[in-house]
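Biologist: Could you take me through this model? I would like to begin with one particular residue and then move on to how the chain is arranged.

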Amino acid sequence: MEQFIIDHAERYKRLVAAFKPSATNTKGPASTVASPEIVVSARVRPMLEDEISRGFPVGIHLRRNTQTIDVHALKQPVRGLPTITVDQVYGPDAATANIYDSLVKPLVPWAWGGGVGTLFAYGQTGSGKTYTVSALEKHVAETLMDGSLEGERRISISIIELAGQTAYDLLNSRKQISILEDSLGTTQMAGALEHQVTDKETLLAYIEAAASLRRTAPTLKNDSSSRSHAICRLRFEDPDRPSADDDGLLYLIDLAGSEAARDKTEHDASRMKEAREINTSLSVLKDCIRGRALADADSFAGRPNKKPAYIPFRQSTLTKTLKHVFDPTSARRCKTVVVACVNPCLADIGASKNTLRYAELLRAVIPKTKAAEYNPAVPTTWNNEQLCEWIKTNSGTPPISPSLLAPTETGPQLLRLPVPAFLTRCLKTPGVSPEQAQAFQVKFWKLHVDSMAQRGKPADDSKPSAGGFGSESGGGVVLQTKSRMELLDSSADPEPGAGGVPFKERIRPGMVVSWRSAAGEYKALEVGGKSYAMVMCPVHAVGARVRDMRGVVVNNSTKEEAVQEGESEGYLCAMVMPSLLPGSFGISLWRQVVVRVEEMEAEVLMEWDEATRYYYMTV
Ligand SMILES: Nc1ncnc2c1ncn2[C@@H]1O[C@H](COP(=O)(O)OP(=O)(O)OP(=O)(O)O)[C@@H](O)[C@H]1O
């Protein structure tokens with residue numbers, strides 16, 4: 001076939017030059033939109049010297065100023081078929097710096113702020129994946145270390161290789177590791193070393209060390225072809241938010257080359273098996289990326305799928321490792337970029353066509369919906385102005401500045417912001433405490449969840465019934481009674497005017513406080529450097545045999561003796577501890593502690609949520 005191409009190269013070039021493409025709508029039908037969180041691009045590499053010297057013509061043709069690519073096979077007559085459209089196209093002259101600036105650079109602050117950013121380089125063997133990813137890694141290292149990112153983060157790197165079902169640590173002499181799911185459903189790269197880095201040189205040294213250990217084998221098209229997926233994971237830990245759920249993640253993934261498993265004459269049985277395994281994992285990856293894109297696009301348009309899309313991430317080690325990139329039930333916000341790398345040479349046209357088709361399939365294009373009508377109870381219908389108004393009136397005291405939290409965002413856009421980035425923006429308003437920021441984030445998110453749950457229910461079903469306590473006394477009393485009943489679903493002081501009295505002067509059973517033990521003995525139970533507890537009663541109200549959670553007797557003197565000894569007033573409290581869902585808490589009634597008044601820092605409002613049966617901080 002190669003000789004046939006070389007023999008007919010001149011005629012092929014004439015036919016291509018004469019080809020008149022019919023006008024195509026390069027952005028897809030006007031009635032559709034692409035998924036907002038997944039960008040699919042194609043990079044066509046230059047012809048290599050060897051390909052030019054052998055006389056092969058270019059088979060991949062980019063239409064100027066469009067996202068459309070014509071793939072011309074050697075046929076009589078030459079047809080511009082298939083025509084492929086993706087979100088961004090980069091031709092042979094495009095520098096990696098351009099790709100970085102427009103596609104990958106935005107992932108860095110996103111992951112730095114607590115989101116998950118993922119870059120996949122996909123393509124046939126010899127198409128430029130490793131070339132592209134390694135150059136992008138250098139740009140990432142530059143951005144991470146140039147001081148342009150806001151706030152402090154601990155940066156850790158791990159690089160693993162997946163070959164078939166087996167995973168290796170490329171930063172630990174290719175030691176074999178396991179990909180395991182823990183009891184909470186989180187995927188762990190068990191045994192992989194993570195290295196903390198603080199400067200660009202060390203970061204690049206790790207990346208280069210890993211590249212030299214990657215498994216390569218000659219293929220028909222590339223003398224040092226990578227026959228494995230390489231996953232470089234950068235983890236960003238905010239020292240003020242030590243929970244692993246808040247860490248930002250940036251994945252840079254150089255996928256194994258897709259290679260037709262049919263080159264039987266050239267490959268032995270194990271190479272054929274390897275090619276099949278690679279192709280299977282790439283096919284599962286396609287289903288996962290597309291499934292997640294569809295789920296995201298639906299929820300962005302304010303119509304979460306009634307029946308969630310099936311995303312088969314357990315079907316391959318690659319997608320299992322990247323579970324939280326695909327799992328639509330995960331609370332993590334994800335942005336994904338795919339660069340489909342293409343060899344332009346006519347001799348490889350079949351594989352290039354497959355690469356581009358694969359890329360096109362990843363684009364989840366969904367029908368455009370009419371902008372939803374504004375509904376004050378449905379955040380996905382709010383424009384920036386409506387959102388800012390809501391922030392001003394619902395974010396507690398002091399009010400969180402809307403221009404710092406949502407300078408340009410609409411309701412749906414703010415819902416997609418990673419939680420740590422949301423909290424960081426809230427804390428930019430002077431006087432806002434971490435508790436207030438957290439409570440406000442939960443309030444916003446809860447309103448969204450409630451509004452989704454109310455969809456499809458009859459309108460009057462969405463309001464709580466007016467019956468019950470005091471209802472026979474007339475409408476005014478019902479309203480008053482209801483608001484008191486509603487208040488009793490939270491730890492807020494139901495007494496009118498309580499807000500004007502300092503909290504230490506109105507300590508009562510059920511009040512929740514943030515506190516820091518003076519002796520530091522409860523450090524292990526702290527959440528973000530603080531402990532939370534619910535007041536039960538003064539220590540002097542309990543008997544002489546009552547012990548705290550450490551087994552220490554809590555009341556061994558009378559109140560008068562304590563005052564004489566200069567001991568400050570203390571309360572027996574129940575610990576408030578984080579629960580399974582993000583932002584949720586449970587009250588551990590039997591883990592009791594004594595909290596002295598001077599150890600109390602602030603009153604924290606907790607609200608009971610019947611649907612999840614957890615407590616959430618509120619404002
Ligand atoms: N944009 C580019 N500009 C110049 N040369 C390139 C470009 N992209 C790739 N190349 C060259 O093409 C060859 C193949 O690239 P590379 O090894 O990155 O391919 P690959 O897709 O990673 O292959 P495999 O899957 O077999 O590992 C290399 O010699 C590389 O230097």
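Modeller: K129 lies in helix 6; helices here are DSSP runs of H or I with at least four residues, strands are runs of E with at least two, and both are numbered from the N terminus. The model is predicted, so local features need pLDDT of at least 70 and side-chain atom pairs count only at pLDDT 80 or more, whereas totals for chains, interfaces and linings use all residues. Residues are numbered from 1 along each chain as its sequence is written.

Biologist: Is K129 buried or exposed?

Modeller: K129 is buried, because 27 other C-beta atoms lie within 10 Å. A residue is called buried if 20 or more other C-beta atoms lie within 10 Å of its own, exposed if 12 or fewer, and partly exposed in between, with C-beta atoms placed from the backbone.

Biologist: And which residues is K129 in contact with, leaving aside its neighbours within four places in sequence?

Modeller: Those are A121, G123, D254, L255, G257 and C341. Contact means that the C-beta atoms of two residues, placed from the backbone, lie within 7 Å.

Biologist: What does UniProt list for "binding site"?

Modeller: The unreviewed UniProt entry gives G123, Q124, T125, G126, S127, G128, K129 and T130 under that heading. UniProt positions are in the numbering used here, feature names are shortened, and annotations may be inferred rather than shown by experiment.

Biologist: Where is T130 found, then?

Modeller: T130 is also in helix 6. T130 counts as buried because it has 22 C-beta neighbours inside 10 Å. Beyond four places in sequence, T130 is in contact with S226 and D254.

Biologist: At what angle do helix 4 and helix 6 pack?

Modeller: The angle between helix 4 (residues 96–104) and helix 6 (residues 129–145) is about 65°, and their axes are 10 Å apart. Axes are lines fitted to C-alpha atoms, for helices over the stretch in contact, and angles run from 0 to 180 degrees between N-to-C directions.

Biologist: Which residues meet there?

Modeller: From helix 4, T96, A97, Y100 and V104 meet T132, A135, L136, H139 and V140 of helix 6. By class, this contact has six nonpolar, three polar and no charged residues. Ala, Val, Leu, Ile, Met, Phe, Trp, Tyr, Cys and Pro count as nonpolar, Asp, Glu, Lys and Arg as charged, and the others, Gly among them, as polar.

Biologist: Changing topic, in what order do the seven strands of the open sheet run?

Modeller: The order is 23-19-20-21-22-25-24, with antiparallel pairing. Strand 23 (600–603) and strand 24 (605–609) stand at the edges with a single partner strand each, so one side of each has no neighbour in the sheet. On average, neighbouring strands of this sheet are turned by 45° against each other, direction ignored. Two strands pair if DSSP finds at least two bridges between them.

Biologist: How many bridges join strand 21 to strand 22?

Modeller: Nine bridges join strand 21 (residues 570–578) to strand 22 (residues 584–596), and V576 stands opposite I587 in strand 22. Strand 20 and strand 21 are antiparallel over six bridges. Four bridges join strand 19 (residues 512–515) to strand 20 (residues 531–538).

Biologist: Which residue is the bridge partner of V513 in strand 20?

Modeller: That is A533, and A533 in turn has M575 as its bridge partner in strand 21.

Biologist: What is the strand order in the open sheet of three strands?

Modeller: The order is 3-4-5, again antiparallel. Strand 3 (60–62) and strand 5 (83–85) are at the edges, each with a single partner strand, so one side of each is left without a neighbour in the sheet. The twist averages 25° from one strand to the next. Three bridges join strand 4 (residues 68–71) to strand 5, and I69 stands opposite I84 in strand 5. Helix 11 (residues 349–362) packs on this sheet, touching strand 3, strand 4 and strand 5, and its direction makes about 150° with that of strand 4.

Biologist: Finally, how many helices and strands does the chain have?

Modeller: The chain has 18 helices and 25 strands, and buried residues make up 37% of its 619 residues.
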